[in-house]
Structures are given as C-alpha cells and as structure tokens.
Amino acid sequence: MQIEARTQAAIIDGKAIAARVRAQAAAAARELAASGVIPGLAVVLVGEDPASQIYVRNKGRRTIEAGMRSFEHKLPARTSQDELLALVRQLNGDPAVHGILVQMPLPKHIDADRIVAALDPDKDVDGLHPLNAGRIVLGKPGLVPCTPQGCVILARHVLGEDLSGLDVVVIGRSILVGKPVALLFQNANCTVTMAHSRTRNLPALCRRADILVAAAGRREMVRGDWIKPGATVIDVGINRIAGADGRSRLVGDVAFEEARQVARAITPVPGGVGPRTIACLLLNTVQAARTIAGRRA
C-alpha cells in the first residue's frame, strides 16, 4: 500500500500581508488628503516600559510612511490619573487628531478602564471603548480592536473572504483578544466556540476547529494532536523563553513544529499576527478620519 506523504502547513506571512494592508491605508489617506483631511494619530505613552517604547516608535514611523500625521505624547510614570484624563480630553477636542491610542499597560495607580471610557468613541482606534465593544456585539459598524481584526484578515487570506459555516474555536476569553475575535468570526457567519482554562476536554474540542485561534497566554500549550488535519491555526500568543544558547526567544501558544505537521496553514511567532496589528491601526485611523469628517460636514 502506498502511503501519501503529508506536506507541512503553509506559513502565513504576516509581514507581507501587513505591507499590503499598510499600502491600502496609505491609498485611503491620500484620498482623504485630496479632500482636505489628513488623518492624524495620537499615541500616548505613560512610563518607561522598553517594549512599549519600541512599539510606540514603530507606530509613529508607520503612521508617517502612510502619509498621516503622528502625534506622540510621552509622559513620566508619575503622571497622575487626572493629568492623563486631561490630556485625553484635549485630544478628543483636537480637530487634527482623528485617532487616539493610549498604550497599555498603564502604571498601576491609573485606572485603565476610566481612561478608555474617557476617549471619544469615534477616535478610539484600539476599539476598546464600551460603545465600540457594544457595536461589535450588535454587528454594527465601528472601530474594531486591531489584533482580533488582524486574526480575521489572516484567516481570510488562507480561506477566502467568505468564512460562512466554518467551525472556529477560540482559546482565551480576554477583552483584548478572545471575546472580540470570537464576535468578529460570529459576524462573519462562522460557528464559534470559546474555550478557556476551565474548558473540559479542551484537546477534543480543538480538533473540531476549521480555524483555531490560540490566545491563552500559555507557551506552546496547543499540541499537534489537538489540531484537526487541514485546519488554519492563528497563534496570538507571545511568550519569551530562554533558548539553548542562553538567549531569549519568542514562542507562541502553539507548539509550532508539531502543529505544522497537521495544519493547512499556521502563523509563526514572531512574524504572524504581530505585524498586522499596526497595519490595522492605520486602517482604523483612516476610518476614524472619515467618520469625523462626516460628522463635521
């Protein structure tokens, strides 16, 4: 009997897809600029977190490359909650600013929920304001969190625009990724199951998924035998571990090499979901500029 050789899963190139989305955002920004509106993104960083500083710097660079205005506000860690709220109100009223992103995490003495709630929902390009969360639940247009939005775009890159009827399992129920990505796939007419640390027989549940989204924050918890043959695997996890050479490296929530032997397509870590996040942020900024321009017309 001849045994058919199984090919490894295709690697979903998040960097290449992000480049195309950035080009799309830049084209939309040029169109808006021709009508007299230059999209502006304000990013607020409180404190000296090194990873956040790199992320903010990259956001600023990509914003300018896309033909938009970049406004960076770097505040000391001792900044009070009232001072941050005052800055948010100032940016809400600034006609040159169409998108506002307050970089998380914030220092412990600041209530992040209060800061998010103070944002103008139409400028909330992170999609975290309660009103924008409600729009996702209702399936209404609004600003969508960037990482969940990126997950859906990556899935469509592999499977096509129409995801109707596909089984999706999301591992993780955070407000930042798990809950919104589940709702976005539901809005795309998928059948969605949300799983978490207390889900019974999680491996068997995952084996049902045509699309498996791993966003639990546990390194390599999803093993190869959890995955349905031919599934698309979207790994949102970012976990830093020590390598054999003593240097740290990043791994996802999925055991990549095991999963690659079973899946149809899989995102790497790094280079999968991460690059899409900033690209979606630029799309959200353009969308916010259009909405605000229409509101002022």
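Student: In helix α6, how many of the 14 residues are buried?

Tutor: Buried means under 20% relative accessible area, exposed means over 50%, and partly exposed lies in between (1.4 Å probe, protein chains only). Helix α6 is mostly covered, with 10 of its 14 residues buried. Among them are Cys146, Gln149, Leu154 and Val158. This is a predicted model, in which local features need pLDDT of at least 70 and side-chain atom pairs count only at pLDDT 80 or more, while totals for chains, interfaces and linings use all residues. Residues are numbered from 1 along each chain as its sequence is written, and side-chain values use heavy atoms, with hydrogens and water left out.

Student: What are helices and strands here?

Tutor: They are DSSP runs, numbered from the N terminus: helices are H or I with at least four residues, strands are E with at least two.

Student: Which strands does α6 lie across?

Tutor: Contact means heavy atoms within 4.5 Å. Axes are lines fitted to C-alpha atoms, for helices over the stretch in contact, and angles run from 0 to 180 degrees between N-to-C directions. Helix α6 (residues 146-159) lies across β7, β8 and β11, at about 155° to β8. Helix α7 (residues 178-187) lies across β5, β6 and β7, at about 165° to β6.

Student: In what order do the strands of the open sheet stand?

Tutor: Strands of a sheet pair through backbone hydrogen bonds, either parallel or antiparallel. Two strands count as paired if DSSP finds at least two bridges between them. Here six strands form an open sheet in the order β1-β11-β8-β7-β5-β6, with parallel pairing. Strands β1 and β6 stand at the edges with a single partner strand each, so one side of each has no neighbour in the sheet. Within the sheet, β8 and β11 pair over two bridges, and Val233 has Ile266 in β11 as its bridge partner.

Student: What span should helix α2 have?

Tutor: The expected span of a helix is 1.5 Å times one less than its number of residues. The 16 residues of α2 (residues 50-65) should span 22 Å, and the end C-alpha atoms are 23 Å apart, which agrees.

Student: Which residues of α2 are buried?

Tutor: Ser52, Val56, Lys59, Gly60 and Thr63 are buried in α2. They cover an arc of only 100° around the axis, which puts them on the same side of α2; the arc is that of the directions from the helix axis to the C-beta atoms. On the other side of α2, Pro50, Ala51 and Arg57 are exposed.

Student: Is Ala25 buried or exposed?

Tutor: Ala25 has 0% relative accessibility and therefore counts as buried. Ala25 is found in helix α1 (residues 14-34). Not counting residues up to four places away in sequence, Ala25 touches Met68, Leu282, Leu283 and Val286.
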